[in-house]
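Hi,

Here is the structure I promised to pass on. Have a look at it first, and my notes on what turned up follow below.

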There are 2 protein chains.
Amino acid sequence: MVFFNKKQIEDLHHLYRANLINSCSGYKSANLIGTRSAEGISNVAIFSSVMHLGSDPALLGFILRPATVIRNTYDNIKKTKYYTINHIHQEILADAHHTSAKYDQEISEFDMTDLSEIFLEDFFAPFVNRAPVKIGLKFLEEYVINANQTILVIGEIHNIYIDKELLEVDGFVNLSKGRIASINGLDGYSIPELKVRMEYQLPKISGSLIP
Amino acid sequence: MVFFNKKQIEDLHHLYRANLINSCSGYKSANLIGTRSAEGISNVAIFSSVMHLGSDPALLGFILRPATVIRNTYDNIKKTKYYTINHIHQEILADAHHTSAKYDQEISEFDMTDLSEIFLEDFFAPFVNRAPVKIGLKFLEEYVINANQTILVIGEIHNIYIDKELLEVDGFVNLSKGRIASINGLDGYSIPELKVRMEYQLPKISGSLIP
């Protein structure tokens, strides 16, 4: 195996290190976060850090880089409280990835790509039109990570829209039926196929199955 | 599309809600976290919440459920500071999933499965022998999430071991070459194939490519 220790990681070229560390943690979610400024300008940006935090209450988190760069998503969420998480799927892969380009706040990424926005019910933030899973959230709390000033943003789920064919009888959302993407590192994309659903596990009784 | 609002989500049967909310955030990483108690008993447990937090310094985080259940992983990390993150791959899928069973602290999951532990360099915690990516970390800090008492545990990467054939010339770790798993919800597993690596994105100049 190839080995890197802490010192060697620190001494790597910054682009090599960014690829290595971003891809060494495993597969990541692939989402577009939609927001709208107080002035009514929509914003949509790709994130690979959306995470499950709890089911009851239903909470999702995501990680934002330090506040030193332009972050329309963060500013809009802090001002307006509402945002949407929309799953990236095969058809919109290239446009979704393009939202990582840095546009000024007065430009909507919806105007610069073939992604289209849709407003559902009376939710303030825009959803992404063709996304097979669309989630509307309200900002709840945030944590600034002391070690590197990234921000964990936590929201509570208010609305979920799921394409009918993805939803199974026990509530399982079959992501592979929506051709939903997973991210490897900074720029690698997969469209995974579901291989197996495992059973709930109980401890083995050592030695014998008869107690 | 099927629609759920906040009230409807709260009123779902708890198992249906657990499946729905755990699988609605997108694909998750699939890792075994290895620890060792102060008494020298090894522990290994499956986690789907390992996340990238930063490359410089190289930091990973993961989420633990509230402190009301037995959590050998957390207790060991807090007492001994060191732990390992090992990628789940096709060959060890069933055994990896079995580590979700609740064993008492005096039982090592390495003894109850075909997973085998390996100690590398002088690192305190055990690595998982056949994992194509193995990461040794030192505990750095933790955040208790106010909304549901889950804990975000953050560690700094000290050692990384990567199977040679996964590592590309620019530092990209090609997870699909290691048949590494991705998790959908609580119990769904995929072994994704890399589809494409995209280019770094610059803003489009609207109207014309000539400024």
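Let me start where the two chains meet: Tyr189(A) has Val196(B) as its bridge partner in S14(B). That pair belongs to strand S13 (residues 188-190) of chain A and strand S14 (residues 194-197) of chain B, which pair in the antiparallel sense over 3 bridges. Strands here are DSSP runs of E with at least two residues, helices are runs of H or I with at least four, and both are numbered from the N terminus. Two strands count as paired if DSSP finds at least two bridges between them.

Before going on, some housekeeping. This is a predicted model, so local features need pLDDT of at least 70 and side-chain atom pairs count only at pLDDT 80 or more, while totals for chains, interfaces and linings use all residues. Residues are numbered from 1 along each chain as its sequence is written, and chains are lettered from A and ligands numbered from 1 in the order in which they are written.

Back to the sheet. It is open, with 4 strands in the order S2(A)-S12(A)-S13(A)-S14(B) and antiparallel pairing. Strand S2 (28-29) of chain A and S14 of chain B stand at the edges with a single partner strand each, so one side of each has no neighbour in the sheet. At the S2(A) end, the pairing with strand S12 (residues 182-184) of chain A is antiparallel over 2 bridges, and Lys28(A) stands opposite Ile183(A) there.

The contact between the chains involves 93 residues of chain B and 92 residues of chain A (contact: C-beta atoms, placed from the backbone, within 7 Å). On the chain B side, helix H2 (residues 14-23) gives the most, with 10 residues. By type, that side splits into 49 nonpolar, 30 polar and 14 charged residues (nonpolar: Ala, Val, Leu, Ile, Met, Phe, Trp, Tyr, Cys and Pro; charged: Asp, Glu, Lys and Arg; polar: the others, Gly among them).

As for chain A by itself, I count 5 helices and 14 strands, and the C-alpha trace spans about 70 × 50 × 35 Å along its principal axes. Of its 211 residues, 48% are buried (20 or more other C-beta atoms within 10 Å of the residue's own, again placed from the backbone).

One helix to look at is H3 (residues 72-80) of chain A, whose buried residues are Asn72(A), Tyr74(A), Asn76(A) and Ile77(A). Their cover includes strands S3 (31-36) and S4 (42-47) of chain A. After H3(A) comes Lys81(A), with a positive phi near 80°.

Cheers

Technical notes. Buried ≥ 20, exposed ≤ 12 C-beta atoms within 10 Å, placed from the backbone. Contact = placed C-beta atoms within 7 Å.
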